[in-house]
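Hi,

Here is the structure I promised to pass on. Have a look at it first, then read my notes below with the model open beside you.

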Amino acid sequence: SGYIPVIPLKNSVLFPDISMPMRVGREKSIAALQKALRDNHWVVLLTQKNPQDTIGKIEDLYSIGTLAKVESFRQDDDGSYAVFVKAHQRVRVVESREKEGFLEVLSESLPDFETIDSKTEEALFTSLKSLSLELVELLPGENIQLRGTLDQIESLSTYVNMCAAYAELTLSEKQEILESLDLKERTLKLLDRMQDLKERLK
């Protein structure tokens, strides 16, 4: 509860349940991170609408992002930070303000709409698993670790998030999937995008 510092994402969208390393180097982002580290390590990650822009106001960012926890960090000699974050839940910005040179927001949680029966969920999960493993085979390099990670996931929602995070989709496609609250609709969107990706990789 309360205002949480915002770190804008330039070229990525972070999905719930996903962990990733990040480089924090812009002045406002460093100020936001330092505030989070002084408090409880929570940050809200919002993707920039235009990666080329400098962030002046909240309108430069998508209003739906993720609430994430900074799990570890290291400050480098140039003042920038290497951080590792884990996203916990999708959130929508309710109010924002600029304070001490960075943006912070009040946000509300956006859980999934579970409008899906177990039979449909199982069928979608099977289709997504099959397609994702086909795509992993088409990717260059060793992908044993990614396959192992995917094999361990038992929740459709988490599997969708993992695939959307790692698939070669545009930022706007990833943001569209993040903003889709209906699990069935989100899975179908992702399957459609991944099928296109498969055709391109062949």
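A definition before anything else: helix axes here are lines fitted to C-alpha atoms over the stretch in contact, and the angles run from 0 to 180 degrees between N-to-C directions. Helices (H or I, at least four residues) and strands (E, at least two) are DSSP runs, numbered from the N terminus.

Two notes on the source. This is a predicted model, where local features need pLDDT of at least 70 and side-chain atom pairs count only at pLDDT 80 or more, while totals for chains, interfaces and linings use all residues. Residues are numbered from 1 along each chain as its sequence is written, and side-chain values use heavy atoms, with hydrogens and water left out.

Helices

The axes of helix 2 (residues 118-138) and helix 4 (residues 156-166) come within 10 Å and cross at roughly 30 degrees. The crossing of helix 2 and helix 4 is left-handed, meaning that the near helix is turned anticlockwise from the far one by less than a right angle (clockwise would be right-handed). On the helix 2 side, the contact (heavy atoms within 4.5 Å) is made by E121, L124, F125, L128, K129 and S132, and helix 4 brings L156, Y159, V160 and C163.

Helix 2 also meets helix 6 (residues 183-201), with axes that come within 10 Å and cross at roughly 25 degrees. So helix 2 is roughly parallel to helix 6 as well, and this crossing is left-handed too. Among the residues making that contact are L124, L128, L131 and L135 of helix 2, and L190, L191, M194 and L197 of helix 6.

Cores

A nonpolar core is a set of buried Ala, Val, Leu, Ile, Met, Phe, Trp, Tyr and Cys residues joined through side-chain atoms within 4.5 Å. Buried means under 20% relative accessible area, exposed means over 50%, and partly exposed is in between (1.4 Å probe, protein chains only). The largest core has 52 residues, and those with the most contacts inside it are L14, M22, L45, V85, L128 and L190. Leaving aside residues up to four places away in sequence, L190 touches L128, V160, C163, A164, L169 and I177. There is also a second, separate core of 11 residues, which includes I4, L61, L67 and V105.

V105 sits in strand 6 and is buried, with a relative accessible area of 0%. Not counting residues up to four places away in sequence, V105 touches G2, Y3, I4, V6, V44, I58, V93, E95 and S96.

Strands

Two strands pair if DSSP finds at least two bridges between them.

- Strand 4 (residues 64-75) runs antiparallel to strand 5 and is joined to it by 11 bridges; R74 stands opposite A82.
- Strand 6 (residues 102-109) pairs with strand 5 in the antiparallel sense over 8 bridges, and E95 stands opposite L106.
- Strand 2 (residues 19-24) is joined to strand 5 by 6 bridges, again antiparallel, with M22 opposite V83.

On its other pairing, strand 4 meets strand 3 (residues 42-47) in the antiparallel sense over 4 bridges, where W42 has K69 as its bridge partner.

Turns and loops

Which residue takes a positive phi in the hairpin of strand 4 and strand 5? G79 does, near 95 degrees, and that hairpin has 5 residues between the strands. The hairpin of strand 5 and strand 6 has 2 residues between the strands, and there E100 takes a positive phi near 55 degrees.

D17 is not a glycine, yet its phi is positive, near 80 degrees. D17 lies in the loop between strand 1 (4-9) and strand 2, and it counts as partly exposed at 31% relative accessibility. H41, also not a glycine, has a positive phi of about 75 degrees. H41 is in the loop between helix 1 (27-38) and strand 3 and is partly exposed, with a relative accessible area of 24%.

Cheers

Definitions and conventions. Angles under 35 degrees count as roughly parallel, over 145 as roughly antiparallel, 65 to 115 as roughly perpendicular and the rest as oblique.
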